[in-house]
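Please look over the sequence and the model first.

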Amino acid sequence: GFEGEMDVTVDLGSEQANSFAGATFLCHKGYSRDLPERLEVSFSQDGSEWGGPVSTLCQADTRGIRCVYPLLSVQGNWKARYVRFRAVRRSGPQTWPLLVDELIIL
């Protein structure tokens with residue numbers, strides 16, 4: 001969980017070709033957990049210079065749903081050793097933690 005915005009960098013150990021990067025988040029209405037506004041994904045060979053970010057908006061419809069784990073993802077073709085995930089919060093009060101379930105890189 002993250003009290004502020006999620007900003008995580010994954011080191012793949014070596015440069016790899018990838019075509020998918022995403023994250024799942026917990027939205028639980030009973031416990032004041034909400035989803036980010038968007039997910040930004042950036043790529044780097046050296047951890048200093050970054051390409052992107054590539055963004056995806058969260059468009060999950062949570063009306064009438066108590067608990068859900070939507071996947072926010074980007075697709076493309078890139079070579080990178082480092083993949084950075086940044087979840088940007090929605091505007092408004094931010095008293096609830098942002099909960100990420102998993103990060104996926106394929």
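**Overall picture**

The model is predicted. Its secondary structure consists of seven strands and zero helices, and reading along the sequence gives the pattern β-β-β-β-β-β-β. The protein has 106 residues, of which 35% are buried. Its accessible surface is about 6000 Å², and carbon and sulfur atoms hold 45% of that surface. Among contacts with a separation of 6 or more, 76% are between residues 24 or more positions apart.

Proline 97 sits in the loop that runs between strand S6 (71-88) and strand S7 (100-105). Is this proline buried or exposed? Proline 97 has a relative accessible area of 17%, and because buried means under 20%, this residue counts as buried.

**Salt bridges**

Side chains of opposite charge can pair when their charged atoms come close. How many salt bridges does a search of the whole structure find? The search finds six, and the table lists three of them.

| Salt bridge | Closest N and O atoms |
|---|---|
| Arginine 84 and aspartate 7 | 2.5 Å |
| Aspartate 11 and arginine 81 | 2.7 Å |
| Arginine 38 and glutamate 37 | 2.9 Å |

Arginine 84 pairs with aspartate 7. Aspartate 7 belongs to strand S1 (residues 6-25) and arginine 84 to strand S6, so this pair ties together parts that are 77 residues apart in sequence. Both partners are partly exposed: arginine 84 has a relative accessible area of 28%, and aspartate 7 has one of 41%.

Aspartate 11 forms a salt bridge with arginine 81. This pair also links distant parts of the chain, with aspartate 11 in strand S1 and arginine 81 in strand S6, 70 residues apart. Aspartate 11 is partly exposed at 41% relative accessible area, and arginine 81 is partly exposed at 27%.

The remaining pair in the table is arginine 38 with glutamate 37. Arginine 38 is partly exposed, its relative accessible area being 22%, while glutamate 37 is partly exposed at 30%.

Key: Residues are numbered from 1 along each chain as its sequence is written. This is a predicted model: local features need pLDDT of at least 70, side-chain atom pairs count only at pLDDT 80 or more; totals for chains, interfaces and linings use all residues. Side-chain values use heavy atoms; hydrogens and water are left out. Helices (H or I, at least four residues) and strands (E, at least two) are DSSP runs, numbered from the N terminus. Buried means under 20% relative accessible area, exposed over 50%, partly exposed in between (1.4 Å probe, protein chains only). Contact means heavy atoms within 4.5 Å. Accessible areas come from the Shrake-Rupley method with a 1.4 Å probe; for residues, only the protein chains shown count as cover. A salt bridge is a side-chain nitrogen of Lys or Arg within 4 Å of a carboxyl oxygen of Asp or Glu.
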